[in-house]
Each structure stands twice: as structure tokens, then as C-alpha cells.
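Please have the viewer open as you read.

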Amino acid sequence: MAQICDMAQASAWLPLVRASAIGWVPIAQHRLPKNVCTKDDSSQDVFEKTIINVSGQRFEILTSSLNQYPHTLLGSDERDYFYDENSGEYYFDRDPEIFRHILTYYRCGHLHYPKKECVMQYEDELAYFRIASEALGDCCYEDYHDSKRENSERLLEERSSTKENAEVPKDFRNRLWQAFENPEFSTTAIVIYYVTGFFIAVSVFANITETIPCGPEPGLSKQRACGDRYIDAFSCLDTACVIIFTIEYCARMYAAPNRWKFFISVMSIIDVVAILPFYIGLLMPDNKCIPVARQHIRVVCT
């Protein structure tokens, strides 16, 4: 009977023992000590900050964020070469505006492309910090590649233009054609450009002035146009302009690489229509319709 009572008392304590074993009932009166890292522990505090000075602008970022990417400059031990012991900062003589976008890579795991920045400078900064452009986010992928393609096309055009300018033609005919087509080709080309432009402006001014009334004349009640009042002056001016335009047209025809193509071009036809009535008027001086027609044609062509 006594054994049965002892077994009953022991069985009554079994639930309490099991509860203590799985933690439902505390056995000790004091809490367990915290797991404090010792001095020999090499683990790093996740809240430790790194201060980076980029051309005078200070940036702060968690050291753990940098260490996630050990293949980059800031994530590797090579950043210690840029550490300034006096200020306790890492100093980089780089562009701070682009660097703020580089820090986004360490915080978020992807890059953003600033549209206002030069794409070549952006690539230089990425190469300096050893970050691949493949880490670019989907939101900026198209803008980045569009800017890169436009920049490549522009550089290709500049190189082609420089190459064409560097190839100076040795033949007189080709040099003359380049002088007409490219005012920056030589000093002679600049002179031809400004002389031709001057006579075009004079011709336009003369055509306008010929139709303006020049005021009352003594003994006449009706005002005459300046072209009718000063016939000799405008005739000399007209002759000088036509001679210059004729010389220019003949020189262009001589220097053109393909004369037939130049002859049927729109600008060539306009030049011919502008100067041809003058020579027709010389052959038919008694026809009064020629000067009037020539005046209207020159107004339209110029």
C-alpha cells in the first residue's frame, strides 16, 4: 500500500517536470546572461557606419552594405588605401553628383541612370568603382542605352567629319568645289562666302528699293519709283551683281564633281533663272517687257 502511495506522488510530479523541461515553467530564478561578443570575436556590428568624402561632400552608409559586394572598390579591402586617419573618412576625388547614384547600388542592389549626366562620365565613374553596368535597374535600362547609342553616333559623325576635313584635295578643281561647299575649308573659301553673301544682300536691297517711291519731283504731280528715277545707278548695281553671280555659277559648274547632276539641281536652276533675263535683255533692248519680267523673277529667286 505504501508503494502505491509513493508511485502516485511521483506520477503527480511528472507533468511539472515535463513542463520545466520544455520551458513552460522557469527552473532558475534569474535570466540567462546575454550573448555578448568578446574582444576576440571578429563579427562586425551591423549598425557600424562608414563615412565617405567625395570632393568635399560627405556620405554615410552602413559598412555591412558595402561588404555585400566585395568585388567592387568600396566593398573590398582596397578602400583602405583611401582612408584618411586624421578625419576618419575615406576620401575620393570623384564626381559627387554621380556618386550618390553609385551608393544606391550598395543600398538597393541596382543602379539608376541620371539623365542629365554625361553617359561617358557615368561609365567612367562605374569603371572606377568597379561596378558593372549590367546592374542597371529596369526603369533606367532604355534611357541608358539610348543615351549611349546617341553618343556613339555623334562621336562617329565627328570622326567622319574630322577625317573628311583632314583629307585636303590636291586637285585645283576639287579644292575649288570644297571652297564653295565648305566655308571653313580655307581662307579663300571664307572670302568667297562673304563676298557672295554681300552681293546677294545688295541685290535684294536694290530690288526692294526700286519699287519704293522716291518723293515728289519738281514739275511732276505723280511720284515715280526709285528705279525709274535713278535708272543708271540701279542699272550699274544690277550689272555688278549679275556679273558676280555669273562668275560664281560658272565656277561651280566647272568645279562640280558631277556637272550634269549639278546642272539639274534645284539651286542651279534658280541661279540660271535669276541671271538669264539680264542677258536676254541685252539681246533684246527694245523689248520693254524684259526688264519688268527680270525684276519680278529676281525678286522671287533672291
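On the surface, I190, Y193 and Y194 make up a nonpolar patch with about 350 Å² of accessible area together. Patch members have over 30% relative accessible area and no salt bridge, and nonpolar side chains (Val, Leu, Ile, Met, Phe, Trp, Tyr) are joined within 5 Å; areas come from the Shrake-Rupley method with a 1.4 Å probe, and only the protein chains shown count as cover for residues. A salt bridge here is a side-chain nitrogen of Lys or Arg within 4 Å of a carboxyl oxygen of Asp or Glu.

This is a predicted model, where local features need pLDDT of at least 70, side-chain atom pairs count only at pLDDT 80 or more, and totals for chains, interfaces and linings use all residues. Residues are numbered from 1 along each chain as its sequence is written, and side-chain values use heavy atoms, leaving out hydrogens and water.

I190 sits in helix α7 (residues 187–210); helices are DSSP runs (H or I, at least four residues) and strands are E runs of at least two, numbered from the N terminus.

The largest nonpolar core has 27 residues, and I52, F99 and Y106 have the most contacts inside it. Such a core is a set of buried (under 20% relative accessible area) Ala, Val, Leu, Ile, Met, Phe, Trp, Tyr and Cys residues joined through side-chain atoms within 4.5 Å. Helix α3 (96–108) is among the elements supplying at least two residues, and α3 gives the most, with six.

Terms used
Patches are made of residues with over 30% relative accessible area and no salt bridge: like charges are joined within 9 Å, nonpolar side chains (Val, Leu, Ile, Met, Phe, Trp, Tyr) within 5 Å. Buried means under 20% relative accessible area, exposed over 50%, partly exposed in between (1.4 Å probe, protein chains only).
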